[in-house]
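Dear colleague,

Please find below the structure that I am handing over to you, together with its sequence. My notes on what was found in it follow directly after.

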Amino acid sequence: MANETLYAGYSAEEIFEALEAKPLTTKKNILDYIASIRKLAKDGMQEAEVKKVYEWIEKQIEALGQDIKVNTMVYLKNELRNNLGKFAAPTKGEENTFIRFYKQTFANQVKTKAYTYALVDLTRLNESSVIETLKTINTYCLRNKLSAKEKEDIMPMIKRIVDTQNLRLINQLRSMEGIRKNFRIKVVEENKRLIIKAI
């Protein structure tokens with residue numbers, strides 16, 4: 001039976017059970033499961049199901065917050081993003097708000113291959129480009145309000161900066177008053193990790 005038929009309509013938990021995978025409580029098991037899902041995605045597993053699994057794996061990684069080192073969590077999230085990131089990216093159709101601001105931010109620069117790739121797959125963006133784009137968004141936010149859809153497009157990139165646990169990048173984000181007020185969030189330390197909290 002084809003994989004896309006086999007898992008169509010399944011929840012992330014049901015797919016996990018069907019694959020009889022080991023519990024996602026160790027670095028090795030998580031990496032093995034990411035590899036399994038990547039293979040299934042290549043073999044024709046439906047995109048909707050892969051997206052569900054992506055979000056679920058991310059939650060499993062976050063649930064280990066107190067048991068693993070910060071660097072390990074950053075590494076696992078990066079591996080998830082590198083292997084399955086395109087399934088977390090927005091679907092085509094209405095232009096993603098973050099991409100709109102990204103284009104504005106780098107409008108006057110020479111368009112490299114990396115720039116072009118980022119337009120179709122935001123996971124390819126490096127952190128410095130994300131921060132520069134957030135600066136543009138912050139300036140916009142000082143005078144304008146974002147819609148719920150715009151916030152939904154931008155929030156994963158804010159989260160991505162916090163996920164790096166890189167204090168230099170996070171301090172830049174913390175200083176962005178427009179984003180803080182528009183999203184009603186702050187970055188705080190909890191269990192030796194920096195996380196986003198709603199205000």
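Asparagine 191 is found in the loop between β1 and β2 (193–198); helices (H or I, at least four residues) and strands (E, at least two) are DSSP runs, numbered from the N terminus. Asparagine 191 is not a glycine, yet it has a positive phi of about 50°. With a relative accessibility of 49%, asparagine 191 counts as partly exposed, where buried means under 20% relative accessible area, exposed over 50% and partly exposed in between (1.4 Å probe, protein chains only).

Please note that this is a predicted model, in which local features need pLDDT of at least 70 and side-chain atom pairs count only at pLDDT 80 or more, whereas totals for chains, interfaces and linings use all residues. Residues are numbered from 1 along each chain as its sequence is written, and side-chain values use heavy atoms, with hydrogens and water left out.

A positive phi, of about 55°, also occurs at arginine 184, again not a glycine. Arginine 184 sits in the loop between α11 (177–183) and β1 (185–190). Its relative accessibility is 54%, so arginine 184 counts as exposed.

Salt bridges

A salt bridge is taken as a side-chain nitrogen of Lys or Arg within 4 Å of a carboxyl oxygen of Asp or Glu. By this rule the count comes to 14 salt bridges. In one of them, the side chains of aspartate 163 and lysine 77 meet at 3.1 Å, N to O. This pair links distant parts of the chain, with aspartate 163 in helix α9 and lysine 77 in helix α5, 86 residues apart. Both aspartate 163 and lysine 77 are buried. The two residues also belong to a network of salt bridges that links Glu58, Glu62, Lys77, Lys159 and Asp163.

Glutamate 132 forms a salt bridge with lysine 135, and the closest N and O atoms are 3.1 Å apart. Here both residues lie in helix α8 (residues 127–141), 3 residues apart, which is about one turn of the helix. Glutamate 132 is partly exposed, with a relative accessible area of 33%, and lysine 135 is partly exposed with a relative accessible area of 33%.

A further salt bridge joins glutamate 190 to lysine 197, with 3.0 Å between the closest N and O atoms. Glutamate 190, at 35% relative accessibility, counts as partly exposed; lysine 197, at 35% relative accessibility, counts as partly exposed.

The cavity

A search of the whole structure finds 1 cavity of 30 Å³ or more. On a 1 Å grid over the protein atoms alone, a cavity is a set of points where a 1.4 Å probe fits but cannot get out, and lining residues have an atom within 4 Å of a point. Grid points are joined across faces, edges and corners, and a volume is the space filled by probe spheres set on the points. The largest cavity holds about 30 Å³ of space.

Its lining consists of Val74, Lys77, Asn78, Arg81, Arg160, Asp163 and Thr164. Helices α5 (70–84) and α9 (148–163) each supply at least two residues of this lining, and the largest share, 4 residues, comes from α5. The lining residues divide into 1 nonpolar, 2 polar and 4 charged, where Ala, Val, Leu, Ile, Met, Phe, Trp, Tyr, Cys and Pro count as nonpolar, Asp, Glu, Lys and Arg as charged, and the others, Gly among them, as polar.

Aromatic rings

The structure holds 7 aromatic pairs. Rings of Phe, Tyr and Trp (its six-membered ring) pair if their centres lie within 6.5 Å; planes under 30 degrees apart count as stacked, over 60 as edge-to-face and the rest as tilted. Phenylalanine 16 and tryptophan 56 form a tilted pair, 5.0 Å centre to centre and with 50° between the planes. This pair links distant parts of the chain, phenylalanine 16 in helix α2 (residues 12–18) and tryptophan 56 in helix α4 (residues 47–63), 40 residues apart. Both phenylalanine 16 and tryptophan 56 are buried.

The rings of tyrosine 102 and tyrosine 115 have their centres 5.2 Å apart and their planes at 25°, so this pair is stacked. Both tyrosine 102 and tyrosine 115 are buried. Ring pairs also link Phe16, Tyr33 and Trp56 into a cluster.

Yours sincerely

Notes
On a 1 Å grid over the protein atoms alone, a cavity is a set of points where a 1.4 Å probe fits but cannot get out, and a pocket is an open set with protein on both sides within 12 Å along at least five of seven lines; lining residues have an atom within 4 Å of a point.
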